[in-house]
Amino acid sequence: MNRRNFLIQGSTAVAGLLLASTPLRLYADHHEQAHSHGHMLPKLSYPHDALEPHIDKRTMEIHHGRHHQGYVNKLNAAIANHHDLEHLSIEALLRNIDKVPMDIRQAVINSGGGHANHTLFWSIMIPGGSEPTGKVAEAIQSTFGSLDAGSEMFANKAKTHFGSGWAWLVVDENKKLQIYSTSNQDSPLMEGHTPILGLDVWEHAYYLNYQNRRADYVDAWGEIVNWEQVNANYVAATKA
Ligand SMILES: [Fe+2]
């Protein structure tokens with residue numbers, strides 16, 4: 001098989017608790033932490049047109065600059081009057097979502113999830129793509145039987161998920177890999193899992209170029225995965 005094509009083949013007290021229980025280890029090289037200006041839109045490490053033809057420039061501009069910025073803005077607005085939460089990382093907020101006050105919890109799930117999910121998404125794509133490598137490739141083989149089988153399971157989740165959502169490769173609470181999908185912007189972090197690879201299957205991610213052909217988008221996306229980053233995410237998640 002062409003391994004590159006992974007997918008075709010197939011309050012204060014509350015804040016104290018949050019800080020004490022949440023190591024910041026998501027997205028190995030892409031830590032994001034709120035500061036005095038609130039959560040920020042991360043910069044892309046490549047130009048908007050760098051992922052063409054798999055993902056077109058206009059989709060990247062709108063997806064990153066408008067959709068992701070929108071999640072950041074709404075998240076900051078939601079926590080603006082909750083000063084104890086303002087300095088927490090998005091990972092800390094989502095991992096401890098049951099401690100977030102009810103009046104803003106759904107907003108944090110939606111917009112905070114959107115922020116976390118997209119931050120990961122940008123980081124695990126790379127112009128020209130790459131091949132599964134390192135310990136994560138070994139773990140996919142041992143967990144799902146082969147790279148092909150893991151690929152097929154992931155692609156199938158992405159292609160068949162009903163409505164808006166994400167397909168995920170995560171490290172669960174037992175440090176084992178799992179593949180599943182979630183709806184809307186629900187983050188695996190809320191389940192105590194660490195997402196290491198995620199594919200956005202909201203229509204805003206592909207509609208300009210692929211219209212209703214989600215399967216074509218999923219297959220093309222498999223060719224631009226940054227496996228070095230996914231492996232780094234896996235190593236970080238299994239080490240902690
Ligand atoms: Fe998106």
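In the predicted model, Ala92 lies within helix α4, which comprises residues 90–95. Ala92 counts as buried because 24 C-beta neighbours fall inside 10 Å, and the cut-off for that class is 20 or more other C-beta atoms within this distance. The C-alpha atom of Ala92 is separated by 9.8 Å from that of Met190, although these two residues are 98 residues apart along the chain.

Most residues other than glycine have a negative phi, and most peptide bonds are trans. Against this background, the peptide bond from Glu52 to Pro53 is cis, with an omega near 5°, and Pro53 itself is placed in the loop that runs between α1 (12–21) and α2 (57–78).

Positive phi values occur at Lys175 and at Asn184, neither of which is a glycine. For Lys175, phi is about 70°, and the residue is found in the loop between β1 (165–171) and β2 (177–183). Lys175 has 13 other C-beta atoms within 10 Å and is therefore classed as partly exposed, a class that lies between the limits of 12 or fewer for exposed residues and 20 or more for buried ones.

Definitions and conventions: Residues are numbered from 1 along each chain as its sequence is written. This is a predicted model: local features need pLDDT of at least 70, side-chain atom pairs count only at pLDDT 80 or more; totals for chains, interfaces and linings use all residues. Helices (H or I, at least four residues) and strands (E, at least two) are DSSP runs, numbered from the N terminus.
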